[in-house]
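Notebook open. I wanted a quick look around this one, starting with its inner spaces.

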Amino acid sequence: MLFLGGAEAFAHGVAKEDQNFIEANAGVNIVPYIYLGAKHMVTGYDHLLFLAGVIFFLYRLKDVGKYVTLFAIGHSTTLLLGVFFDIRANPYIIDAIIGLSVVYKAFDNLGGFKTVLGFTPNPKAAVLIFGFFHGFGLATKLQELTLSKDGMLPNLISFNIGVEIGQFMALGLILLLMNYWRMTESFRRNAITANAALMAAGFILIGYQLAGYVQQGA
């Protein structure tokens, strides 16, 4: 359903009205940036697809907390460092890697690494590493805007706090739905299909971003 909206559906980033606010307001704006961070995560289908794959077979809240914390550390680190120190990369390539993270996790859930390689790469390390790319992806979007140096650090920290709030809200809903689904016979019948669909969504994201990269260079 995400892909029926055409190109706009793929262009996850900073909404136009939010861009206008960021560029028009200098100084410390803690509450608005918390809101913007939460909104980014709740509407960030690329992040949510990856996190849905991460928690798909996690049944204990303790385990969910560990993986989500690793993702948050990675996401926050590259977002802060990327924007504050103006570390740049091609946004299409970074977003393609974010799409790859969805494919990777779905393939992992399907036991693909065990079948092909004979072992499964460290899942916690993978979540942390891909978390770095997810944060860097947003950093590339913010770098396209004219950010005021006045209050940049507290605003970025506030944005990160908002991201974590939004992540908590979105994951809470996903976990409720997942736990309900796990109690039905449908889960065992359709778990493989669901991860195959997740992988397909990741490939579509990759293809769209690579097409944008090629078009950019044309």
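**Cavities, a histidine, a helix**

I sorted the lining of the largest cavity by class and got eight nonpolar, four polar and one charged residues. (Nonpolar is Ala, Val, Leu, Ile, Met, Phe, Trp, Tyr, Cys and Pro; charged is Asp, Glu, Lys and Arg; the others, Gly among them, are polar.)

I noted that this is a predicted model, where local features need pLDDT of at least 70 and side-chain atom pairs 80 or more, while totals for chains, interfaces and linings use all residues. Residues are numbered from 1 along each chain, and side-chain values use heavy atoms, without hydrogens and water.

I searched the whole structure and found two cavities of 30 Å³ or more. A cavity is a set of points on a 1 Å grid over the protein atoms alone where a 1.4 Å probe fits but cannot get out, and lining residues have an atom within 4 Å of a point. The largest cavity holds about 90 Å³ of space. Its lining has 13 residues, with Y33, L147, S148, M152 and N155 nearest the centre. Helix α9 (residues 152-182) gives the most, four residues; helices are DSSP runs of H or I, at least four residues.

Next I looked up H40, in helix α3 (residues 30-42). Buried or exposed? H40 counts as buried, because its relative accessibility is 6% (buried is under 20%, with a 1.4 Å probe and protein chains only). Its side chain makes a polar contact with that of H47 at 2.9 Å (N or O atoms within 3.5 Å, one able to donate a hydrogen and the other to accept it).

Last, I checked the start of α8, where a side-chain oxygen of N122 reaches to within 2.9 Å of the backbone nitrogen of K124.

Key
On a 1 Å grid over the protein atoms alone, a cavity is a set of points where a 1.4 Å probe fits but cannot get out, and a pocket is an open set with protein on both sides within 12 Å along at least five of seven lines; lining residues have an atom within 4 Å of a point. Grid points are joined across faces, edges and corners, and a volume is the space filled by probe spheres set on the points. Helices (H or I, at least four residues) and strands (E, at least two) are DSSP runs, numbered from the N terminus. Buried means under 20% relative accessible area, exposed over 50%, partly exposed in between (1.4 Å probe, protein chains only).
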